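Subject: Structure handover

Hi,

Here is the structure I promised to pass on. Please open it alongside this note. My findings follow below.

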Amino acid sequence: MKIKAPVAKNEQLDVKIMDLTYQGLGVAKVDDFPLFIENALPGEEVTVQVTKVQKHYGFARVTKWSVESADRVVDIDKTYRQTGIAPLQHLAYPAQLKFKQHQLEELFNKAHQDVTVAPTLGMANPTQYRNKAQVPVRKVKGQLETGFYRQHSHELIPLTDFYIQDPAIDTAIVKVRDLLRQFEIPAYDEINDKGVIRNVMVRRGYYSHEMMIVLISRQQKIPSQAQLVDQIHKALPEVTSIILNVNAKKTNVIMGNVTRVLYGKPTIEDELLGLTFAISARSFYQVNPQQTEKLYQMAIDKAELTGKETVIDAYCGIGTISLALAKHAAQVYGVEIVPEAIEDAKVNAQKNHLTNVTFEVGKAEDQMATWQAAGVKPDVIVVDPPRKGLADSLIESATKMGPKKVVYVSCNPSTLVRDVARFNELGYEIDGPVQPVDQFPQTPHVESVTVLVKK
Ligand SMILES: C[S@@+](CC[C@H](N)C(=O)[O-])C[C@H]1O[C@@H](n2cnc3c(N)ncnc32)[C@H](O)[C@@H]1O
């Protein structure tokens, strides 16, 4: 469909920013025609110069305009902007927190749900917080490089300081990059599906400082493997684990199914809320440890356990929430789809001397139906699903079990709002405000905790 745009390239006009998109672009409208404006903030009245009009998609984009704003960080690093590593870095941190609260408010409003959203719980230093990095390895201008993809592309932009990652992880990436160069190990060539090293993953325990390096390779064996591994752990004393992950497929999925320990242990350890956790290469582990403790504590407080309750933790990963809740409950059941994560979860129960937890490998939607059929009667159900949210069948089984409370930890406001509507239909309503917690500063991602109770 051809859309006749009421604006043209290079045209100058005065507009008011109505909203921000999920990627943090300001939205203004001219005769209902959307203008996406980089670095603009809601409520601002700006004079813009249109730089691009994409009639096919029905929007115009603006990169140049004039106005000052207290919420804007002017001196931003253009490289981060190109990569999309920190799409909200142009917003001052208090404005980022408001943006996240506003995202939830908007979505609940659009769904005609009368819900209060509390101010977003932020962190003192909202940079260098990530305990995990997963970077592509590619040849750029004849040399092996590590970095981040240019936004909406697979073109690698070399980086040595990733801004939102633990600096010890940035240092490790550069060291591994230098050793890969030294041993002349070919970088992955995505177009021709050739080369060896596709990605490097680094994870570092926030309290333990144990570091795991995962070399993701197209081949079963890396050239000069023994020397490379030897040099990596000699150069990086914190490394307690070097893992080879083999991914021979032509795919965007980063890790393959085969993992082999090349040096040290198959897991690293870290702590959360005074509990110790073993984490293996392919297990999910929250990336912002400082905020995770706040997030989990909030979920525990909202569960209001007295020690007598039966609790289900669906999408339990390595059992972090399950074990934190087990200290305050009679019995906890956890379910998770990744088998290695459940192996970690069982080890973690032993490590923390918690015997009142049972873990199952499987789809949460199937296991919930199994528990329901077996007559399990949870007082509280905690769900912490991936971005796609809950399967309808899981909500049905969960509500049939009749828990007093459901504590919903969400990383995607859209699916949260959709799932809350389904819970409403099945007799559950939101109790108290929805609480956003900033797990991902400098990015538009919004994490939140919502409590639902039986009507
Ligand atoms: C957002 S993470 C939460 C993990 C854990 N609660 C934590 O805080 O570390 C979601 C988890 O759900 C798992 N998962 C994804 N789809 C699933 C499914 N259909 N059934 C069970 N687990 C699933 C993922 O492997 C991941 O560990």
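I37 sits across from V62, a residue of β7. The strands concerned are β4 (residues 33-37) and β7 (residues 59-62), which run parallel and share three bridges. Please bear in mind that this is a predicted model.

**First sheet**

β4 and β7 belong to an open sheet of five strands. Its order reads β2-β3-β4-β7-β6, and the pairing is mixed. At the edges are β2 (19-20) and β6 (52-54), each with pairing on one side only.

**Overall picture**

The protein contains ten helices and 25 strands. Its C-alpha atoms occupy a box of roughly 70 × 65 × 40 Å along the principal axes. The radius of gyration is 24 Å; a compact globule with 455 residues would have one near 23 Å, so the two agree.

The domain assignment lists domain 1 (12-69), domain 2 (132-272) and domain 3 (288-454). Between the C-alpha centres of domain 1 and domain 2 there are 39 Å.

Another open sheet has seven strands, in the order β11-β10-β9-β12-β13-β14-β15. Here too the pairing is mixed. The edge strands are β11 (156-158) and β15 (258-264), and each of them pairs on one side only. On average, neighbouring strands in this sheet are turned by 35 degrees against each other, direction ignored.

Two helices pack on this sheet. Helix α3 (residues 167-182) touches β9 (132-140), β10 (143-149), β12 (197-204) and β13 (211-217). The direction of α3 makes about 150 degrees with that of β12. Helix α4 (residues 225-235) touches β13, β14 and β15. For α4, the angle with the direction of β14 is about 145 degrees.

At one end of the sheet, β14 (residues 239-246) and β15 run antiparallel, joined by six bridges. Within that pair, I242 has Y263 of β15 as its bridge partner.

**Hairpin**

β16 (residues 267-272) and β17 (residues 275-280) pair in the antiparallel sense, also over six bridges. L272 faces L275 of β17. Two residues lie between the strands of this hairpin. One to check in your viewer is L273, which takes a positive phi near 50 degrees.

Best wishes

Note on methods
Residues are numbered from 1 along each chain as its sequence is written. This is a predicted model: local features need pLDDT of at least 70, side-chain atom pairs count only at pLDDT 80 or more; totals for chains, interfaces and linings use all residues. Two strands pair if DSSP finds at least two bridges between them. Helices (H or I, at least four residues) and strands (E, at least two) are DSSP runs, numbered from the N terminus. Axes are lines fitted to C-alpha atoms, for helices over the stretch in contact, and angles run from 0 to 180 degrees between N-to-C directions. Two residues are in contact if their C-beta atoms, placed from the backbone, lie within 7 Å. Domain bounds come from an automatic or database domain assignment. The radius of gyration is taken over C-alpha atoms; the globule rule is 2.2 Å times the number of residues to the power 0.38.
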